[in-house]
Amino acid sequence: MKIPKKIKLFGCEYAIKQVNKVDDDNSLGKVFIDSGIIKLLKKDSKSYAGFDSIPEDKRKQVLLHELCHLMFYVISETELYNNEKIVDNMANCLMELIPQLEGK
Ligand SMILES: [Zn+2]
């Protein structure tokens with residue numbers, strides 16, 4: 001799995017921006033639905049808990065987490081959209097499934 005610059009879901013395009021700061025809460029990633037942007041902390045961002053870099057797998061998991069929020073939003077499952085536990089579990093499942101689907 002790679003981290004693309006943009007992604008399309010149900011005909012809407014979302015830009016994936018790798019940034020030094022996502023928000024004031026020190027989030028690793030966040031989906032801004034109204035502006036069509038998913039922000040993801042850059043690999044060498046210093047705002048990740050004092051570490052020099054963020055492991056690539058962690059960034060992929062964060063992207064999948066934000067995409068799960070987005071998927072629940074576009075299918076109008078507001079309760080699931082707001083459920084961090086479900087969203088995070090789904091992202092972890094996808095982290096395991098996607099490499100297998102890619103034959104890895
Ligand atoms: Zn979340």
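1. Helices (H or I, at least four residues) and strands (E, at least two) are DSSP runs, numbered from the N terminus. The model is a predicted one, in which local features need pLDDT of at least 70 and side-chain atom pairs count only at pLDDT 80 or more, while totals for chains, interfaces and linings use all residues. Residues are numbered from 1 along each chain as its sequence is written.

2. Just after H1, serine 76 has a positive phi of about 60 degrees.

3. The four strands form an open sheet in the order S1-S2-S4-S3, with mixed pairing. S1 and S3 are the edge strands, each pairing on one side only. Averaged over the sheet, neighbouring strands are turned by 20 degrees against each other, direction ignored. H1 packs on this sheet and touches S1, S2, S3 and S4, its direction making about 25 degrees with that of S3. Such angles run from 0 to 180 degrees between N-to-C directions, the axes being lines fitted to C-alpha atoms, for helices over the stretch in contact.

4. Two strands are said to pair if DSSP finds at least two bridges between them. S1 and S2 run antiparallel and are joined by four bridges; lysine 8 stands opposite glutamate 13 in S2. S2 and S4 are parallel, with five bridges, and alanine 15 has isoleucine 37 of S4 as its bridge partner. S3 and S4 are antiparallel over four bridges, with phenylalanine 32 opposite isoleucine 37 in S4. S3 and S4 also form a hairpin with four residues between them, and glycine 36 in the turn has a positive phi of about 65 degrees.

5. Which residues touch the most other members of the largest nonpolar core? Among its 14 residues, they are Leu40, Leu63 and Leu67. A nonpolar core is a set of buried Ala, Val, Leu, Ile, Met, Phe, Trp, Tyr and Cys residues joined through C-beta atoms within 7 Å. S4 and H1 are the elements that give two or more residues to this core, and H1 gives the most, with six. Beyond its neighbours within four places in sequence, leucine 63 is in contact (C-beta atoms, placed from the backbone, within 7 Å) with Ile3, Ile16, Gly29 and Leu40. Because four of its five residues are buried, S4 is largely enclosed by the rest of the structure.

6. Two loop residues other than glycine deserve a remark. Phenylalanine 10, in the loop between S1 and S2, has a positive phi near 50 degrees and counts as exposed, with 8 C-beta neighbours inside 10 Å. Asparagine 26, in the loop between S2 and S3, has a positive phi of about 60 degrees; asparagine 26 is exposed, with 11 other C-beta atoms within 10 Å.

Technical notes
Contact = placed C-beta atoms within 7 Å. Buried ≥ 20, exposed ≤ 12 C-beta atoms within 10 Å, placed from the backbone.
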